[in-house]
Amino acid sequence: MTKGKKASVRALGCRLNQYEALALEGRLKEAGYEIVPFGDEAEIGVINSCTVTRDADAKSRNAIRRFIRKNPKAITVVVGCYSQMAANRVAMIDGVDFVIGNQDKLNFLDYLTEEKPETPVIIRERISRDDFSIGFVGDTDFEQRANLKIQDGCDFMCSFCIIPFARGRARSRDWSDLFEEAKGMVRKGVREFVLTGVNLGTYLSGAKGFLGLVKGLSELPGVDRLRISSIEPTTIPEELFEMMSDPECPLMPYLHVPMQACCDRTLTRMRRKYGMEEMVSFFDHAVSAVPNLCLGTDLMVGFPGESESDFEETCENFLALPFSYCHTFTFSEREGTPASKMKGQVPVQERRRRSAHLRRLSASKKMNFHEEQLGKEFEVLLENPKDGFYGGYTEHYVRVVVPQKTLGLENRMARIRMLTANPEFVEGSLLEYEGKGSVLSETEVLARNA
């Protein structure tokens, strides 16, 4: 019997893990559990783990131990990428009851027992390459801006990446299942989707590809905004540029393209599928086709064999290219990948120095991009207020905050003038908002939330 029992879920790592955590919570709610914040007392805890770096492994272990210390008698379930790649290591953590890999993690309840097992149970099946379905969990709580998983796994086999082993080879979500969830999310108040997966541009369900998917979601009634999360450089259809530049289309003018390096020698060793000449041409075309395009990237430093001149070349090209920012990653050896055995391993202290330098360059470019927005006016989908401010994002993925002078504006579109640039956000002033006449008074809001 689960009535009255409590459960908590913790997701480590990527946006995809965050999406899956909501699905895990939905499964628990359907089974009768009350979801409580991670760290509170609960009868069951589910940790959706990450293994992309050594630090991710450590953070996953810390989250597991934190739950067990708080809830020594609870059933502890560890799912996800760390479970897939290091199941026995996870099972050795005192207090872990179930270790479930990526193939079966959304079905974790099928394996649970009423009592804690005497020894940890490990479920780690081979990951299927077939299209998959998730289903829409109607009891899931969504905010106005939600991730939408469309794809999983990857076939690209870059020399540094553990993900094809942890999440399997590329496979796509069933078209009907995906749109059923999207429609259900819209009914629950979601107005903006962020397309999420491992290698989004390779989506192919039957004869329906990524471009068709984006067009289909753009035409879905109730979808006000659509964003593409990180997408591999060679998989981006240029037809998207016309959609991004069309003010009537919900596809936002934003691309996060993970280059990993801006140096041909390093890209070759990484086994990336492009060179700098090709990408310079692509980015030039993108920014000319899409006004005020926000273009971000991922860059990895300290890859085996990366000389000081290679690193300087990456920095120089990052500054020269029309990127608004970069996410900086320090190379982390992953057992089983070709890069872990390569010669020319860069000392850890040098990796950290390069990472810090590149982060400073990124902060400067991001601040410049924020300053370029000042004086302009943008539509922003307001989020739930926090600390006396509404937050949200412009179509170009600039974080904006405005004072909460009026209650009840969450999940409404507002027009905001950009006033003051900060490193991580821009302060703005609220000019107007939709449904102005139906704003609730403070008394009404308090009564509604009671």
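## Criteria and total

A residue counts as buried under 20% relative accessible area, as exposed over 50%, and as partly exposed in between. Arg-353, at 38% relative accessibility, is therefore partly exposed.

The model is predicted. A salt bridge is taken as a side-chain nitrogen of Lys or Arg within 4 Å of a carboxyl oxygen of Asp or Glu, and by this rule the count comes to 34 salt bridges.

Arg-353 is the salt-bridge partner of Glu-350, with their closest N and O atoms 2.7 Å apart.

## A buried pair

Asp-57 and Arg-334 form a salt bridge through their side chains, at 3.0 Å from N to O. Asp-57 is in helix H2 (residues 54-70), whereas Arg-334 is in the loop between strand S16 (325-330) and helix H12 (348-372), so this pair ties together parts 277 residues apart in sequence.

Asp-57 is buried, at 6% relative accessibility. Arg-334 is buried as well, with a relative accessible area of 8%.

## A partly exposed pair

Asp-155 and Arg-129 meet in a salt bridge at 3.2 Å, N to O. Asp-155 lies in the loop between strand S8 (151-152) and helix H5 (163-166), and Arg-129 in the loop between strand S6 (121-123) and strand S7 (145-149); the two are 26 residues apart.

Asp-155 is partly exposed at 31% relative accessibility, and Arg-129 is partly exposed at 48%.

Methods. Residues are numbered from 1 along each chain as its sequence is written. This is a predicted model: local features need pLDDT of at least 70, side-chain atom pairs count only at pLDDT 80 or more; totals for chains, interfaces and linings use all residues. Side-chain values use heavy atoms; hydrogens and water are left out. Helices (H or I, at least four residues) and strands (E, at least two) are DSSP runs, numbered from the N terminus. Buried means under 20% relative accessible area, exposed over 50%, partly exposed in between (1.4 Å probe, protein chains only).
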